[in-house]
Amino acid sequence: MKIPELLKVNEIFRGLWITFRSMFEKPVTIQYPEEKRPPKPRFKGRHALKRYDNGLEKCIGCALCAAACPSDAIFVEPAENTDEERYSPGERYAATYEINLMRCIYCGFCADACPTEAIVLEHIYELAYLDRREAFFTKEKLLDPVPDSGRETPQAVEPGLFNRSIPEMKDPV
Amino acid sequence: MSEKITLTIDSQQVITEKGTKVVDAAKSAGIDISVFCYHPKLEPVGACRICLVEIGRTQRDRSTGELVLEADGTPQISFSGNLETACTVPVAEGMVIHTANEKVTKAREDILEFILTSHPLDCPVCDKGGECSLQEMTFEYGLGESRFPLDEKIHLGKHLPLGDMITLDQERCIQCGRCVRFQKEIAADPVLEFYHRGRKTDIVSYSNPPFDSYWSGNTTDLCPVGALTTRDFRFEARIWEMNASPSICSHCTVGCNITLNTRLDPKTGRSKIQRVMPRQNEWVNEIWICDKGRFAHNFTSSEERLTKPLARNPEGKLKPVTWQKAIKIASERLKSHPDGLVTLAGGRLANEDFYQLRTLTEGLSGKLILDSSLAGGDLTARVGLGQGSNIKDLGSGTAILVIACDLEEEAPLWWLRVRAAAERGATLIVANPRETKLEKSAEYILRYEYGEETQTVLDLLEKESEASRVFKEAENGIVLFGSEGMNFGSSQVLAQACANLLIKTNHVGKTNNGLMAVWPEVNTQGAWDMGFKPDENLPEALKGAETLIIAGADPVGDGIIPDLKGKFLLVQELFLTETAAQADLVLPVLAVTEKSGTFTSGERRVQLFEMALPASGECLADHEIAAKLGQALGIEMIQGSAEQVLEEIIKHQPGYASLSLAALGEVPEQQPFVAKEVLSYTGTVFRNTSGVGVQLPSAAENGKMPLEKFTLPQKGFGDGTLAVPVTRLYDQGIMVRTSEILSPRLIKNQLILNPIDAEKEGLSAGIRVEISLGERTYEAAVDIDQKVPVGVILIPRSMGIPLDGPENAVLKAVK
């Protein structure tokens, strides 16, 4: 009977040793939100709509993301580009693009379905909101800012410059 | 019955009629052979080669003519070694066909790979994506990878306008020629043709304006790829996002079956019609609809629609009120002034609306009037088209008389079907004072002067002529009459003369025989059946009324009566029409897309339509308003849905007793077989799953019909120039005007003259003139057309010159 009780005392000291040791280790916790931990490369956070270097939107309004979405969180309404008012290099663009983040399950099927890699699940994870309506991410909120090399959409372009229905370019001129 | 042939397709024994093409024989056995260029309604061409199959035939000994047999006694089958197109080869006794063996599969893969070499593969942005035959076939049989380099794809024109309503994408075109053949064979508007050769082959339209046809939308249904798409639906929605509701087109009396595709409109937050598609009904519209039916749908979502009841306040302005208040105003008035009620209804209401309005009006001892200038609804009920009739079945042995109407402008689908019957061998007799398009297919053309239409029918009956003999001897006889150049009185006489012609020649009370009226509106026949009748002197009847209920009619806007002041006027309308603007009470009603009910077509076929959109604003159906009024006035009326009212109609309405909700929803098997899973065979027409309707029996089917005597009317007009109202398909009514896409094709404010008359008056096309009709004068531009008879000015209806019938006119150029 005595030997097991002695062992227990031993265990207490072993536990206390871990506590003592960690007093001299670097802490794992960080001072969020002042400090932020970089997500893993394949982390799937909130969506962003991408632009080409010239500022044109990659999204062509095909609504395949909405079709692929298992929780019906995406709504797309397409419209036609003209050379005077061009949003994307293709024939059409998304006039309305909305994601209901309350429905989204971050599966990334939308990004998989996208033929132009326009929608990407970014590393954005700060999604708290105070009003349910803020959970509807409209096109304005989702679109990346215009890169330095590009212009704001809609752009007026030379007629005949963009004549493909789906752009073939990685980064158009 | 034609000869039966037995053959084997994929080791399945198939019995079919002689002359059937292999592809159709396979289809009847449930075997799908892929097709692009073949369509069961069009002549085969064998252009795309996707339907290649291996065909083995029996052998006959040359000397004896006996079948060559194998050792086991079965006929010897020899395969030629070449593949053949299943769409062009007719079946033969003992044929053995392989549709899916290795050789065929390989060939199909190769053809697909070859078709895809010049296809842009822009399915994500293509309006056809999701219901495209090429997409479907590539999923089913495609290799997934092509041996042809992607960079070598040739690039051709994208989004080129092929007419005002259709967009052509040259890259996507696979040169199947379905559109070209449709325009030639079915629409008889050969305005499309191939241009250039090889990979640059292109579809062009050589009419002016381009693609000038009332049928252009059908080519987008037939197109197996996204080469032809409508401008109306361009980039509106994806196919799979939309709801589909069965409906009936409300633009003319044919009652084409349509499917309304609806989807949320983010701008308004409400459901909106994105496109109108044909729904198969081989008894009514087969798989076609005209462009008016397809593109004139924007009126339902128009901003101009009334959404709240309006009542005139003490200052004399129309102000919104609640329904309770509105019903109270109306019922108090009707209680305090129970006499002198007149209910005027237009032909766009459903049978249920007419029935409830009638019950209400009869409860108040009022008078029912139908807003129509064409008579004969009682006659079509008596000697109308026999039960089970189908113009599609008619061919040789049938005589069809079309009198006093321009069928293509007034009931386009009937024009299509009557023309097709003539092509199949039916004798077509067209009687009209001017040349109409139907005459191209007519065997006999009877030309008469305005005012002599009844005499023309009498001559057919009494005088000896070739046309008269053919009509009398024909196995089946049909008469279609319209209202061109007539007012109510003269059309009544014409209708009776037509009925007498049919009775005397024994063409009543039988299938495929009888009288058809080319009604101006979708449910004019239903209105007659429910007890509404036009009044010979409508202005007087309206003037004599103390209280007026006007539903779906605009007598002020139509110029029947200048104003309706000094009476209590209750108007049930979609829009604030000129009549509604004078009303004391305006009640907003549901459009046909927002309610359910039944329409009775000119062939007396009762068809169901369902609700496709939620109600706009506070609108109610016409029958609901009538029921509410009835309740407030203590009249015993059914209070309930359209279905409950329909059951009441079936119970109490003679002639409608043979109906039942179940019968209306029945869908017999139809040929060609439409299935969404096999789009390539019939195109994107919708399958009918909600009923083909029930054709009512005519009274003549239950007994002999007596001949009615009538007196020939005196010509109501003197010599000199005659102004004649005519109906044009793309009129300026609010239902059509609200459709932006049709606007370039709408009728202009033009009077149409013969070049001889124009020269005499010193007028040329485009000059503005003043036209005096009695004491009224109007201004319009001049248009010149060879087809107008000398001494006649054609005035299209709805362009602002109201005309009840032909009238003498004086023209004067405006300085």
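The structure is a predicted model, in which local features need pLDDT of at least 70 and side-chain atom pairs count only at pLDDT 80 or more, whereas totals for chains, interfaces and linings use all residues. Residues are numbered from 1 along each chain as its sequence is written, and chains are lettered from A and ligands numbered from 1 in the order in which they are written.

Chain A contains four helices and five strands, where helices (H or I, at least four residues) and strands (E, at least two) are DSSP runs numbered from the N terminus; along the sequence they follow the pattern α-β-α-β-β-α-β-β-α. The radius of gyration of chain A, taken over C-alpha atoms, is 25 Å, against the value near 16 Å that a compact globule of 173 residues would have (by the rule of 2.2 Å times the number of residues to the power 0.38). Along the principal axes, the C-alpha atoms of chain A fill a box of roughly 95 × 35 × 30 Å. Of the 173 residues of chain A, 24% count as buried, that is, with 20 or more other C-beta atoms within 10 Å of their own, C-beta atoms being placed from the backbone.

Beyond its neighbours within four places in sequence, Phe481(B) is in contact (C-beta atoms within 7 Å) with residues including Gly376(B), Ile403(B), Leu494(B), Cys498(B) and Val518(B).

In chain B, an automatic or database assignment gives five entries, among them domain 3 (322–370 + 526–664), domain 4 (377–518) and domain 5 (722–813). The centres of domain 3 and domain 5 of chain B, taken over C-alpha atoms, are separated by 33 Å.

Strand E32 (residues 768–773) of chain B pairs in the antiparallel sense with strand E33 (residues 776–784) of chain B over six bridges, pairing requiring at least two bridges found by DSSP. In the hairpin of E32(B) and E33(B), which has two residues between the strands, Gly774(B) takes a positive phi near 65°. E32(B) also pairs in the antiparallel sense with strand E36 (residues 810–813) of chain B, over four bridges. Ser772(B) stands opposite Thr777(B) in E33(B) and opposite Val810(B) in E36(B).

Key
Buried ≥ 20, exposed ≤ 12 C-beta atoms within 10 Å, placed from the backbone. Contact = placed C-beta atoms within 7 Å.
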